[in-house]
Amino acid sequence: MKLTGAQALIKSLEMEGVEVMFGLPGGCILPAYDPLLDSSIRHILVRHEQGAGHMAEGYAHVTGRPGVAMVTSGPAATNMVTPLCDAYMDSIPMVCITGQVSTTAIGTDAFQECDTVGITRSVTKHNELVMTAQNLPMAVRQSFRIATTGRPGPTLIDVPKDVLQNSMEWYWPTDAEVVDSLPGYRPNVKGHPRMIKEAAKLILASERPILYVGGGILKARAADALRELAEMTDIHVVTTLMARGAFPDDHPLCLGMPGMHGNATAITALQRSDLLITLGARFDDRITGKVSTFAPDAKVIHVDIDPAEQGKVRRPDVPIVGDCRLVIEELIRAIRDMEQSGTPRADTGAWKSRISGWREQFPLSYEASEPGEALKPQYCLEQLRDNAPEGTILVSGVGQHQMWSSQYWRFNEPYTWVNSGGLGTMGFSVPAAIGAKVGRPDRTVWAVDGDGCFQMTAQELVTASVERIPIKVAILNNSYLGMVRQWQEMFYDERYSEVYLSPELPDFVKWAEAMGCVGIRVDSPEEVQPAIDKANSIDDRPVVVDFRVDAREKVFPMVPAGMGNDDLILPDSQMPRKGALK
Amino acid sequence: MNHHILSVLVQNRPGVLARVAGLFARRDYNIFSLAVAPAENEGFSRITIVVDVDSAPLEQITKQLFKLIEVVKISELDPLRSVERELLLATVRVSPEQRGQVVELATIFEGKILAVGVEAITISLDGHPDKLDDFEELLAGYGIVELQRTGRVALPKLDKESRLRAVAHKGKAG
């Protein structure tokens, strides 16, 4: 069967099971948009290519399937760099297709030409310039395989215009052909049995163990296995920013988020532990604080599918390269076997009571506003949380509102939390929420955003309105770049430099309405509940709620950058008893 | 120089060298020398990278290299247990009176005279990089017009205990 390259490309995407893609056409990718008209694939037309990338990420986050974005060459490809890097940092499976100038024009500085594979080389797991139409199906298959297996990540296929126009003889490579074509790609999923045994031994012998779990648990679909391991061993779990929801917040063993803005108990439990059972986490600097003072007495078991994570930051005592789910299942078996053959379990009673003590003394807290005072952002989040329909997906931008979201929400189900963790991409939430809603139309999707973030990508709400994707956006609007303001207040003697936005501009309600959304402004605590009720009741268009919150509010606890976790700053009311974090 | 030799087997495709070089550049590690050529099996190339031990913590870079989809195998060659060779071409300024001295030097080092001009001479020499260093130093006294070295290539010595120490190898699937 003869097909054009463009037809082969779209057919290949269909064969890979793609149901939806996000994109924006232009000169070089034009040929691919023609067969799209006859395709089963739903295309969502964005207003800016960056939006397409973040939508693909949001979609991938909540469905586990690769998000697909298609854009043209040059500026469209460069606009895709941020989402690609974001997906790379957070290990999000994503396939991006970019148009390229014709093969005969490559390298001539042609109109809308850029070196897309060169520019995106360091922000993709793999990328490829496809120079003949005949190679398109294989390139698509390789891209999906690489994006979705091993440690997931973004891939990019760059397709010159004439390659889309040329004809090819259709073929669909077999699985074996795809594997053979990638002789250097053999992800190791099964952990080493001897190492797993070694890990089981350490776990049974530990008096102060902690399960330190990261986003790898979610990528490996390992939440159930994790729960079984935690309950069987009765070990507390800390969930990093990328792992929120991987273990239910309402579970008695859940300690929540550690790190720079983690809660005191989760931070201290890592610090005082004698064994970190690290599952799909990567000792990020936001978790460890100053590395040399991080968890000084702890041995480390490190399970990660990426061998390069082993020893990158902290030298593990037991490195296990493998898929988290498979390794946890083996670990459970190994522990059972050892217990049955009489290996005793160390007494963790004293450790558990220390943890309970910390939890009691150091809950997350903020000072509620007195009547007539400004609205507290934490209060808004509590109300959003308490009124959220079952299974609501929360998507955040980056900054104070992101930390409060992670702190104050209760994530009891995996894949209900979407955020930009590694790259910290402001402007992530609106498009990512749209992608999440496309992936899970049955769920309520709330984007929590800051006023700074919102202004970076808000135009995608037009996409949401036109495409009938009814997301809800809560702007925690303090008229500041809030996190930067917080650092300037705390570490730069309250010298506020270029962080004040504007309380008057833009008018978020009018802006929302102009984009086809319902806009609601909330200034006082009494208005919060009715506004949320109204937002939750609207399901035929996006809603934007502009919560005018107290600009002086800061995120606590906080481990200042470059300091150790023992130097954490607690809310004022808890500072006097900080000594109890021993 | 206390150096590491990495022998990296890669798929022979466009962009592979850029990926490899990018991993070093991003971390501000300098590559001391680099040699690339097709390997024994079709479709693959071998890249020989020499890096300064002190400037580059090798473990992380090796692991990152191994993550590249087109990298099939990485071996670290112990300089004491491998054979290393390099080729040097040099054009040296010599008066007709000095020519004999330079030719004699080349003969001692088992080099070849490639071209002779009125006031210059071009010599080739292959051998262990240390030998090339010595030769280069001696030539410098006469005035080197142009000099080009290939960067070293290396293979493990054939005796038993000095086989390739495989740092990482992607075996067949499954």
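User: In which helix does Gln64(B) lie?
Analyst: This is a predicted model, in which local features need pLDDT of at least 70, side-chain atom pairs count only at pLDDT 80 or more, and totals for chains, interfaces and linings use all residues. Residues are numbered from 1 along each chain as its sequence is written, chains are lettered from A and ligands numbered from 1 in the order in which they are written, and side-chain values use heavy atoms, with hydrogens and water left out. Helices (H or I, at least four residues) and strands (E, at least two) are DSSP runs numbered from the N terminus. The run that holds Gln64(B) covers residues 58–67 of chain B and is helix α2.

User: Is Gln64(B) buried or exposed?
Analyst: Buried means under 20% relative accessible area, exposed over 50%, and partly exposed in between, with a 1.4 Å probe and protein chains only. Because its relative accessibility is 13%, Gln64(B) counts as buried.

User: Which residues is Gln64(B) in contact with, leaving aside its neighbours within four places in sequence?
Analyst: A contact requires heavy atoms within 4.5 Å. With neighbours within four places in sequence set aside, Gln64(B) is in contact with residues of chains A and B, namely Ala308(A), Leu23(B) and Arg27(B).

User: What pattern does chain B follow along the sequence?
Analyst: Chain B has four helices and ten strands. Read along the sequence, these elements give β-α-β-β-α-β-β-α-β-β-α-β-β-β.

User: Which residue of β4(B) stands opposite Ser7(B)?
Analyst: Strand β4 of chain B (residues 71–77) has six of its seven residues buried. Two strands pair if DSSP finds at least two bridges between them; β4(B) pairs with strand β1 (residues 3–11) of chain B in the antiparallel sense, over six bridges. Opposite Ser7(B) stands Ser75(B).

User: How many residues of strand β9 of chain A are buried?
Analyst: Strand β9 of chain A spans residues 209–213. Pro209(A), Leu211(A) and Val213(A) point one way from the strand, while Ile210(A) and Tyr212(A) point the other way, and all are buried. The strand is thus mostly covered, the buried count being five of five.

User: What radius of gyration does chain A have?
Analyst: The radius of gyration is taken over C-alpha atoms, and the globule rule is 2.2 Å times the number of residues to the power 0.38. The C-alpha atoms of chain A fill a box of roughly 70 × 65 × 40 Å along the principal axes. For 582 residues, a compact globule would have a value near 25 Å, and chain A agrees, at 25 Å.

User: What share of the residues of chain A is buried?
Analyst: Chain A has 24 helices and 20 strands. Among its contacts with a separation of 6 or more, 75% are between residues 24 or more positions apart. Of the 582 residues in chain A, the buried share is 62%.
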